[in-house]
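Have a look at the structure first, then follow the questions.

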Amino acid sequence: MSTLHKLPTGLAVNANPSPKHPHQLSFRRVLSRTFILALALLAMFAVYVLLGSYTVTIPDFFTIVINHLTGGEKIPGASFIVMEHKLPRAAVGTLIGVAFGLAGALFQTMLRNPLASPDIIGISYGASAAAVTAIVIFGASGAVVSAAALGGALGVAAIIYAISRIAGNGGGNRGNAAGNRLILAGVGIAAALHAVVNFLMTRADIRTAADALVWLNGSLNSANWERAGIVAAALLVLIPATMFLSGPLRMLELGDDAAAGLGIRVNGTRLGLVVTAVALSAVATAAAGPVAFVAFLAGPISRRFVRKPSLPASALTGALIVLAADFFASNIAPLILDGTVLPVGVISGALGAPFLLWLLVTSNRKEA
């Protein structure tokens, strides 16, 4: 029982104040751990730019950037490496990581299924099939391949959504793209598109197939300031849209009936979430290819760290995964593999599978 003390004025003061509300404590914990993720991303960005096969000191880095912005004297070699290679590559890696992280978290939260990510439900395969078609059949490269990937991802997403709605018309939940139907439709289309990609690869000559294979694995080799600007401009539109839909998204977690009872237009909200998530994934895939497992893992990893689903934490985690994987692929893998530089998607895919198994084992232990 709380002890009351009398002040000289006659007022009673509780010597044992009640603890703060659990929701307030939970919010502060999420906020503090998200801030830790932001610091970790900032540190990884600095490591990526300053260290590696070509190291740059901190004073030289600021000198290079300031001189580049003011038109001052350049440091031979170092200025080009930092401003035309390291910084744009780190910027594109961060931006696509944010996009993949948000896309995966939106799908997984909206559909209440950890398998619901662009990697699994066919959106990445739609981008891949369109890009490989452009490379192999039309000999395209650069921006044309990115545009084809963007169109392929959006087109396949529209087909998956339409199929899931048609499949739901016969049931009690008429016209509603329910999570299981959307995932099953996506898995089926992904299998068909995977066969299309394999067929195109068998018909391509060796050089063309090699170019397509690099893109299919996900790579930041083509990163430049123009590409970073395009992805940044897309995120300036899509991140506010994600923030606007985050409130209704929390309501959808309660179930369609509960959300409708709270005044949420379930079908319209779900369509908006699907369009936003698909656009995030499509923009990132068009910029760097289908970087494996980033969208799949960002949500579960961030949820384990902050102990609660969080879109900002998922975005930061996605960027951290991409930068760490590409740093390993570009600087550490060549030391192990006699100079072979790997695409970032090879590392994220190789590390993603065992991490998923670890998540499965630990979750089973908790449920036991």
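Q: Why is Ser128 called buried?
A: Buried means under 20% relative accessible area, exposed over 50% and partly exposed in between, with a 1.4 Å probe and protein chains only. Ser128 has a relative accessible area of 4%, so the residue counts as buried.

Q: What kind of model is this, and how are residues and atoms counted?
A: This is a predicted model, in which local features need pLDDT of at least 70 and side-chain atom pairs count only at pLDDT 80 or more, while totals for chains, interfaces and linings use all residues. Residues are numbered from 1 along each chain as its sequence is written, and side-chain values use heavy atoms, with hydrogens and water left out.

Q: Where is Ser128, and which residues is it in contact with?
A: Ser128 sits in helix 4 (residues 123-136); helices (H or I, at least four residues) and strands (E, at least two) are DSSP runs, numbered from the N terminus. A contact means heavy atoms within 4.5 Å. Setting aside neighbours within four places in sequence, Ser128 is in contact with Val197, Trp215, Leu216 and Pro290.

Q: What makes Leu311 buried or exposed?
A: Leu311 has a relative accessible area of 15%, and therefore it is buried. Leu311 belongs to helix 12. Not counting residues up to four places away in sequence, Leu311 touches Leu102, Ala105, Leu106, Thr242, Ser246 and Leu249.

Q: Why does Asp338 count as exposed?
A: Asp338 reaches 77% relative accessibility, so it counts as exposed. Asp338 is found in the loop between helix 12 (311-336) and helix 13 (344-367). Its phi is positive, at about 55 degrees, although Asp338 is not a glycine.

Q: What makes Arg265 exposed?
A: Arg265 has 70% relative accessibility, and therefore counts as exposed. The loop between helix 9 (256-261) and helix 10 holds Arg265. From C-alpha to C-alpha, Arg265 and Pro248 are 8.8 Å apart in space and 17 residues apart in sequence.

Q: How do you know where empty space is left?
A: Rolling a probe the size of a water molecule over the atoms shows it. On a 1 Å grid over the protein atoms alone, a cavity is a set of points where a 1.4 Å probe fits but cannot get out; a pocket is an open set with protein on both sides within 12 Å along at least five of seven lines; and lining residues have an atom within 4 Å of a point. Grid points are joined across faces, edges and corners, and a volume is the space filled by probe spheres set on the points.

Q: How many cavities of 30 Å³ or more does a search of the whole structure find?
A: The search finds one. The largest cavity has a volume of about 50 Å³.

Q: What makes the residues of the cavity lining nonpolar, polar or charged?
A: Ala, Val, Leu, Ile, Met, Phe, Trp, Tyr, Cys and Pro count as nonpolar, Asp, Glu, Lys and Arg as charged, and the others, Gly among them, as polar. The largest cavity is lined by Phe107, Ile121, Ile123, Ala157, Ile160, Tyr161, Leu182, Val274 and Val278. By class, that lining has nine nonpolar, no polar and no charged residues. Helix 5 gives the most to the lining, with three residues.

Q: What is known of the largest pocket, and how does its lining divide by class?
A: The largest pocket holds about 690 Å³ of space. Among its 25 lining residues, the closest to the centre are Arg250, Pro309, Ser310, Leu311 and Pro312. The lining divides into 13 nonpolar, eight polar and four charged residues. Helix 8 supplies the largest share, six residues.

Q: How confident is the predictor overall?
A: pLDDT is the predictor's confidence in each residue, from 0 to 100. The protein averages a pLDDT of 85, and 87% of the residues score at least 70. Over residues 1-19, however, the pLDDT is below 50.
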